[in-house]
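Open the model in your viewer and keep the selection panel at hand. The tour goes from the whole chain down to one side chain.

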Amino acid sequence: MTAALLAIFLVGIGAHRFYLGKTGSGVVYLLFCWTFIPLVVGLIEGLVYLGMSDQAFERKFGTT
């Protein structure tokens with residue numbers, strides 16, 4: 001839930017990627033934050049995260 005909310009509300013800076021431990025893609029989000037590309041991609045990712053079950057999210061990202 002936290003990753004989804006970060007993806008939706010702090011979309012342009014990639015906060016959800018840093019939260020999930022994916023610092024490389026988080027840095028890419030930061031580098032391109034002046035474009036609308038991270039905004040669109042982050043919003044879609046947030047919606048996907050909200051639609052995932054807890055078990056599927058755990059399998060994909062391995063967070064506890």
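Select the whole protein chain. This is a predicted model. Its radius of gyration is 11 Å, and a compact globule of 64 residues would have a value near 11 Å, so the two agree. The spans are about 35 × 20 × 15 Å.

Switch to a cartoon view. How many helices and strands does the protein chain have? Count 5 helices and 0 strands. Followed along the sequence, the pattern reads α-α-α-α-α.

Next, show the surface. The protein chain exposes about 4,300 Å². Carbon and sulfur atoms supply 71% of that area. Colour by burial: 30% of the 64 residues count as buried.

Now zoom in on residues 15-19. This is helix 2, and Arg17 lies in it. Is Arg17 buried or exposed? Arg17 counts as buried because its relative accessibility is 13%, and the cut-off for buried is under 20%.

Leave out residues up to four places away in sequence. What does Arg17 touch then? Start with Lys22, Thr23, Ser25 and Gly26, which are among its contacts.

Technical notes:
Residues numbered from 1 in each chain as written. Predicted model: local features only at pLDDT ≥ 70, side-chain atom pairs only at ≥ 80, totals over all residues. Heavy atoms only, no water. Helix = DSSP H or I, 4+ residues; strand = E, 2+ residues; numbered from the N terminus. Rg over C-alpha atoms; globule rule 2.2 N^0.38 Å. Buried < 20%, exposed > 50% of the residue type's maximum accessible area, 1.4 Å probe, protein only. Areas by Shrake-Rupley, 256 points an atom, 1.4 Å probe, with all protein chains shown as cover. Contact = heavy atoms within 4.5 Å.
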